[in-house]
Each structure stands twice: as structure tokens, then as C-alpha cells.
Amino acid sequence: MSNLNYSSFHNWMKFRHLVLIETLARTNNMHLTAEQMNLSQPAISKMLKEIENLLGFKLFERQSKSMPVTALGQQVVKYAQRVLNDAKNFVEEIEILRQGGHGFLKVGGIFAATAIVIPNTVIEIKQKWPLLSIDVVEQTSDHLMDMLSEHTLDLAVGRFTNITQAQFFDFQALGPEPFCIVVNSQHPFAQRKFCKLEELMEWPWVLYPKGTPIRERMERAFTRVNVNIPLNTVNTMSMQTFLQILQGAPMVGMLPEAMVSQHVSDGKLHILQTDLILESQDYGILTRKGEKLSETAQNFIELLLKNTQITSKM
């Protein structure tokens with residue numbers, strides 16, 4: 001079919017077609033897709049051909065060992081993921097409500113947000129709606145926005161990493177995310193108020209992985225003071241690993257202040273003042289542009305805004 005229209009799409013496309021598209025996009029393999037859908041490979045092949053005939057273009061390239069998604073196919077895969085995720089969320093929420101619950105809320109956050117602001121808000125909203133089921137996901141801002149696009153999150157707390165993202169998401173600022181350089185209380189520099197950055201280069205560092213927005217900001221800060229990036233590093237996205245390594249070894253780390261404030265108060269970590277300045281960037285609430293929020297999501301946002309104001313005054 002050369003001309004796709006809503007009527008033909010609406011009347012013909014079924015959920016099993018979307019499951020096929022999503023599964024084949026994950027596996028890039030017809031045999032694995034057939035196994036996961038409990039269908040024969042000829043049935044899968046026939047169904048895919050019918051879908052492509054309806055749409056008027058190929059969704060997947062036919063290669064000897066793989067079936068990568070085509071450029072147009074990427075848009076169809078994203079649509080399939082959104083619809084299937086919405087359906088999954090709908091079924092979960094209806095089942096929770098049927099059993100007397102208060103629905104389901106899926107929230108994502110960057111590491112600074114999941115340290116204090118999101119946990120405090122979860123505690124408060126659970127007091128209002130005890131049977132509300134909440135999923136909390138910790139990820140980088142880019143991954144959180146991918147999950148928002150796929151409808152696997154209702155809202156997220158993060159930041160824009162490029163200006164084009166503002167076309168797709170609404171943003172309510174919560175505040176800046178200041179960073180600090182820390183060592184454990186047994187480190188030889190723990191008793192010093194100020195350290196030259198060159199001195200810290202003699203020690204191993206724990207850092208965010210290359211390519212993450214926070215790592216890129218850190219690298220720009222090193223460039224501004226004409227100091228090379230540390231070479232002796234452990235790179236991790238895991239906050240638990242980050243903190244355990246810092247507390248157990250004479251290493252240097254750069255972390256959001258929110259992540260280390262309690263450890264500093266407990267005397268386990270020590271903040272060092274240096275000539276390195278990492279610019280603060282506002283983080284805030286991210287939601288899909290133009291989409292009406294559920295009552296629970298809106299209430300969660302209101303509590304986030306209130307709790308952020310309280311935390312900033314402490």
C-alpha cells in the first residue's frame with residue numbers, strides 16, 4: 001500500500017503487530033523473535049511482510065546474520081514501544097485499582113535528586129496515598145528523557161543536555177546542582193582546607209564514565225585551569241560503588257554535594273577546596289510536552305517543589 005492513512009492503519013494494525021515490531025527491533029533476529037512470541041518463523045515472516053505492505057516501506061533490512069531497523073522503521077519502533085508501554089502501564093494500574101490500590105507512578109531521577117528530594121517526596125506522597133505503587137529509577141538525564149519518550153516514566157528529575165530537548169519536554173527548575181571534590185577522612189589531605197589541583201593529580205580518582213554529561217562538564221572545568229584530566233581513574237555510574245571506593249581507599253572523587261552531605265556530616269568524607277570550578281547547572285522536573293499529567297503525578301510534582309524549597313533552606 002503506497003499511501004498510508006489513519007483509517008486503514010486503525011482498522012488493520014493490531015497489538016500483536018506492535019509486539020512483533022518491538023521484539024524484532026530488540027533481537028534483530030527472526031528466529032529469536034519467533035521463539036519469544038511462541039510463533040513459527042514463517043508466521044513471523046508473513047506477519048512482517050503484511051505490516052510492511054500496509055505501511056508502504058521496509059521496517060528492517062534483510063542481512064545474512066541480522067535484521068537492523070531502517071531509518072523509517074526507527075519511527076515505527078518508537079511508536080510501538082510507546083503504545084506497548086502505555087498498555088502495560090494501563091493494565092498494571094487497573095489491576096492495582098481493582099485490588100483497592102491508589103494506582104501506579106513511575107519516577108526517574110538523576111543521582112543528586114535520588115539522594116534527598118525524591119526520597120522525601122516518596123515518603124510524603126505515600127502518607128497521603130498509602131496504596132500508591134511507586135517505581136523510582138536512577139539514571140543520567142539523557143537516559144531519563146529516552147524513558148520519558150518511550151512512556152516508561154511518568155516524570156523525571158534531571159536536566160537538559162542539549163537545547164533541542166526543550167522541543168519535546170517541559171521543564172520546571174528545582175535548583176542548581178553544585179559539585180564538590182571529596183576524599184575520605186583518612187586521606188592525607190583530609191585535614192587541609194585547600195589543595196592545589198596539581199597535588200590531587202598524584203592520587204587515583206573516581207569519576208563518572210566518559211561521555212556522560214557530568215564527565216563532560218568536569219573535563220571542561222579541567223581545561224579552563226589548564227590541567228590534564230586524571231589518567232589514574234575508576235569510572236562508574238554506580239553511586240554505591242562510588243561511595244564505597246571513596247570511603248575505603250585514598251582516592252579523590254567529584255560528586256554532587258547532595259550525594260555526600262550526610263557522609264561529610266558523619267565524618268566519613270571530607271570536602272576539599274581547590275582551584276577547580278565546576279559550573280552548577282539547574283536540574284528540574286521533566287515531563288512530556290503537551291501531555292496532561294495524572295492526579296498522582298501532579299501531586300508528586302507539587303510535593304517535589306515544596307520539598308526542594310525546604311531542602312534549600314536547610
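On a 1 Å grid over the protein atoms alone, a cavity is a set of points where a 1.4 Å probe fits but cannot get out, and its lining residues have an atom within 4 Å of a point. Grid points are joined across faces, edges and corners, and a volume is the space filled by probe spheres set on the points. The model is predicted, so local features need pLDDT of at least 70 and side-chain atom pairs count only at pLDDT 80 or more, while totals for chains, interfaces and linings use all residues. Residues are numbered from 1 along each chain as its sequence is written, and side-chain values use heavy atoms, with hydrogens and water left out.

**The cavity**

- The structure holds 1 cavity of 30 Å³ or more, and the largest cavity has a volume of about 70 Å³.
- Its lining has 6 nonpolar, 4 polar and 2 charged residues, where Ala, Val, Leu, Ile, Met, Phe, Trp, Tyr, Cys and Pro count as nonpolar, Asp, Glu, Lys and Arg as charged, and the others, Gly among them, as polar.
- Among the lining residues are Phe111, Ser141, Arg159 and Tyr208.

**Serine 141**

- Serine 141 belongs to helix α8 (residues 141-149), a helix being a DSSP run (H or I, at least four residues) and a strand likewise (E, at least two), both numbered from the N terminus.
- With a relative accessible area of 2%, serine 141 is buried, a term that means under 20%, with exposed over 50% and partly exposed in between (1.4 Å probe, protein chains only).
- The side chain of serine 141 reaches the backbone nitrogen of arginine 159 at 3.0 Å.

**Aromatic rings**

- Rings of Phe, Tyr and Trp (its six-membered ring) pair if their centres lie within 6.5 Å, and planes under 30 degrees apart count as stacked, over 60 as edge-to-face and the rest as tilted.
- By this rule the count comes to 6 aromatic pairs.
- One of them is the tilted pair of phenylalanine 160 and phenylalanine 171, at 5.3 Å centre to centre with 40° between the planes.
- This pair links distant parts of the chain, 11 residues apart, with phenylalanine 160 in the loop between β3 (155-158) and β4 (169-176) and phenylalanine 171 in strand β4.
- Phenylalanine 171 is partly exposed, at a relative accessible area of 29%.
- Phenylalanine 189 and tryptophan 203 form an edge-to-face pair, 5.9 Å centre to centre and 70° between the planes.
- Phenylalanine 189 is buried at 10% relative accessibility, whereas tryptophan 203 is partly exposed at 21%.
- Phe111, Tyr208 and Phe242 form one aromatic cluster.

Definitions and conventions:
1 Å grid on protein atoms, 1.4 Å probe; cavity = no way out; pocket = protein on both sides within 12 Å on 5 of 7 lines; lining within 4 Å. Polar contact = N/O pair within 3.5 Å; in protein donor to acceptor, adjacent residues only side chain to side chain.
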